[in-house]
Amino acid sequence: PNGSCRDINIVVLGAKGVGKSATIVRFLTGRFIGDYDSQMEAIFSTNIPIDGKQYTINIMDTVAYVPGKELKEDPVFWADAFMLVFSLTDVSSFKAAQQMVDYIRRMREDDRMPILAAANKSDLVHLRTVSSADCEAWCLDQNCLSCEISASEDPMSVKTAFGMLCHRVRVINKK
Ligand code: GDP
Ligand code: MG
């Protein structure tokens, strides 16, 4: 075993427009890019310490990924962990996240597979249509981590979200 080779693959999934790319860009660059209009799937890598050890985090940004759609390398099998992003201003994006988690749990039979549900756009609380109670109840039932983030206004929330997910991978995979 190569002790220096610690990789964690994270797939970021969610409906269009919920802020997947903005969240990833915020995490990688510390900046918010309001209109990041890429239609490309891409994998970004960064090195960060987790619990005092250095890790390479590979993050796959996806574009309107439809569960069950044929893909060459199904991201579901590449992932060590999933970040499900939805907008707390958009109930349909919350439902889409729930469907994707169902799909992940079916495909990857290990129900300890780390999943974090990130309710994005917490800066738009006045437009909130998904309650934190509903989200937390669902996450508890699905054994998912949950948090509220704002890619645009709260960089620390994004950092914490990725940190929580990576920590969970470490604990489960003993990486
Ligand atoms: P994606 O389709 O899931 O990758 O979504 P994008 O990252 O392209 O973001 C979609 C839109 O939501 C853009 O106009 C972003 O500026 C906006 N957006 C992303 N994150 C936030 C957020 O935390 N708060 C607010 N108010 N807008 C956001
Ligand atoms: Mg995007």
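**A tour from core to ligand to loop**

Start with the largest nonpolar core: of its 47 residues, Ile10, Leu84 and Ala118 touch the most other members. Such a core is a set of buried Ala, Val, Leu, Ile, Met, Phe, Trp, Tyr and Cys residues joined through C-beta atoms within 7 Å. Buried means 20 or more other C-beta atoms within 10 Å of the residue's own, exposed means 12 or fewer, and C-beta atoms are placed from the backbone.

Now colour the elements that give two or more residues to this core: strand 1 (7-13), helix 1, strand 3, strand 4 (81-87), helix 3 (91-107), strand 5 (115-120) and helix 5 (155-173). Helices (H or I, at least four residues) and strands (E, at least two) are DSSP runs, numbered from the N terminus.

This is a predicted model: local features need pLDDT of at least 70, side-chain atom pairs count only at pLDDT 80 or more, and totals for chains, interfaces and linings use all residues. Residues are numbered from 1 along each chain as its sequence is written, while chains are lettered from A and ligands numbered from 1 in the order written.

Select Leu84. Leaving aside neighbours within four places in sequence, Leu84 is in contact (C-beta atoms, placed from the backbone, within 7 Å) with residues including Leu13, Met100, Val101 and Ile115.

Go to ligand 1. Its shell has 18 residues (C-beta atom, placed from the backbone, within 6 Å), the closest being Gly19, Lys20, Ser21, Ala22 and Ser152. Helix 1 (residues 20-29) gives the most, with three residues.

Finish at Val63, in the loop between strand 3 (53-61) and helix 2 (75-78). Val63 is exposed because 12 other C-beta atoms lie within 10 Å. Beyond four places in sequence, Val63 touches Gln39 and Glu41.

Terms used
Contact = placed C-beta atoms within 7 Å.
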